[in-house]
Amino acid sequence: MVPGVKLPKRILVLHYSQTGQLDSVVDAILQPLRANTDFSIVDQRIEPETDFPFPWPFIRFINTFPEAAHQRPCALKPFTVDTTEKFDLVILAYQVWFLAPSIPVSSFLQSEQAEILRDTPVVTVIACRNMWLMAQEKVKAHLQRLGARLVGNLALVDEAGTAASFISTPLWVLTGKKGPFPLGIPAAGVARADIDAASRFGDAIVQHWQTTDVPPDERLWQGLGAVRINANLIASEKVATRSFYLWGKLFLAAGGQDAWLRKPLTLLYTLFLLTLILTVVPITAILKRLFAPLMKKRIEQQKAYFAQPSGESFHVLKKQ
């Protein structure tokens with residue numbers, strides 16, 4: 001190192017995206033960093049040796065949930081980046097599959113390559129339909145085990161809303177078309193305006209290192225409206241996660257994904273899942289709303305917990 005010469009901050013970007021939507025979010029975050037010579041960006045795509053299809057065939061899609069829910073790893077292609085290198089910040093961007101991080105990302109987090117995260121500040125970036133809390137809990141557990149420091153989380157969800165996205169998202173996943181669809185079904189996915197606005201999180205990273213040379217902490221993305229916690233979905237996520245886990249054990253006991261017994265199980269579970277979504281999920285949400293006055297303190301504690309570390313507040317944006 002030459003005395004008096006400031007070296008660029010090294011940012012490692014780890015990501016896997018089937019549709020490209022998550023990559024667009026990451027690109028928006030990186031825009032201010034790429035425009036600043038004080039930063040060196042290293043892009044590392046997480047790639048399975050055998051990639052997952054998009055659009056998904058229906059049976060294959062449902063038949064993937066046991067491995068996703070149980071975080072059964074798949075084989076990954078070797079990284080091009082040297083995993084012994086050290087970085088000033090890691091951006092880990094992932095999709096949510098069946099209330100867990102996508103199989104490629106969970107596979108990475110369980111691999112030797114994940115040692116690159118040790119003793120390093122990490123921000124997570126999520127783009128999904130609307131349920132991401134339990135997936136983030138799993139990612140947090142991996143990061144803690146690896147000795148990484150979670151300093152930020154951004155979660156962008158579909159603009160269509162909970163009810164409409166129940167139809168539009170599966171149509172996107174199974175057909176490859178985002179819509180809008182006939183019969184007034186809106187387009188699936190995160191709003192383009194929300195994706196473009198994610199550049200403010202890159203601005204926050206730039207501003208942090210313009211004012212200090214210390215590693216970022218949990219204040220990095222606070223006040224930027226990084227997440228929104230839907231209290232009505234907390235209990236539903238817990239119920240659905242338990243369902244995926246228990247049914248997943250049955251599927252896994254029947255053999256690998258190509259086992260013939262798993263095909264009829266897939267059809268049976270599809271009926272169960274539809275029943276769960278159409279009955280248990282709305283009933284749970286209604287009960288949550290009815291008892292909300294009696295559980296206000298408990299609900300606020302849950303929201304505050306799941307919103308960590310970046311929080312729901314927009315106070316920084318309001319000042320701008």
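Here are some friendly questions and answers about the predicted model above.

Me: Before we start, what should I know about the model and its numbering?
Reply: Residues are numbered from 1 along each chain as its sequence is written, and side-chain values use heavy atoms, with hydrogens and water left out. This is a predicted model, in which local features need pLDDT of at least 70, side-chain atom pairs count only at pLDDT 80 or more, and totals for chains, interfaces and linings use all residues.

Me: In which sense do strands β1 and β2 pair?
Reply: Helices (H or I, at least four residues) and strands (E, at least two) are DSSP runs, numbered from the N terminus, and two strands pair if DSSP finds at least two bridges between them. Strand β1 covers residues 9-15 and strand β2 residues 39-45, with seven bridges linking them. The sense of the pairing is parallel.

Me: Which hand does the β-α-β unit of β1, α1 and β2 have?
Reply: Helix α1 (residues 21-34) belongs to this unit together with β1 and β2. A crossover is right-handed if, with the strands pointing away from the viewer, the path from the first strand over the helix to the second runs clockwise. The unit here is right-handed.

Me: How far apart are the end C-alpha atoms of α1?
Reply: The expected span of a helix is 1.5 Å times one less than its number of residues. For the 14 residues of α1 that should give 20 Å, and the model agrees, with its end C-alpha atoms apart by 19 Å.

Me: Where in α1 does the kink lie?
Reply: The bend at a residue is the angle between axes fitted to the seven residues ending there and the seven starting there. In α1 a kink of about 30 degrees comes shortly before the proline P32, at A28.

Me: How many residues of α1 are buried?
Reply: Buried means under 20% relative accessible area, exposed over 50%, and partly exposed in between (1.4 Å probe, protein chains only). Among the buried residues of α1 are A28 and P32. The helix is largely enclosed by the rest of the structure, because the buried count out of 14 is 10.

Me: Which helix gives the most to the lining of the largest pocket?
Reply: On a 1 Å grid over the protein atoms alone, a pocket is an open set with protein on both sides within 12 Å along at least five of seven lines, a cavity is a set of points where a 1.4 Å probe fits but cannot get out, and lining residues have an atom within 4 Å of a point. The largest pocket has a volume of about 1200 Å³ and is lined by 43 residues, with F61, R129, T169, P170 and V173 nearest its centre. With 10 residues, the helix that gives the most is α6.

Me: What is the volume of the largest cavity?
Reply: Grid points are joined across faces, edges and corners, and a volume is the space filled by probe spheres set on the points. Residues lining this cavity include W132, Y305 and Q308, and α5 gives the most, with four residues. The space in the largest cavity is about 30 Å³.

Me: What is omega for the cis peptide bond that joins Q308 and P309?
Reply: Most peptide bonds are trans. P309 sits in the loop between α11 and α12 (315-319). For the cis bond from Q308 to P309, omega is about 0 degrees.
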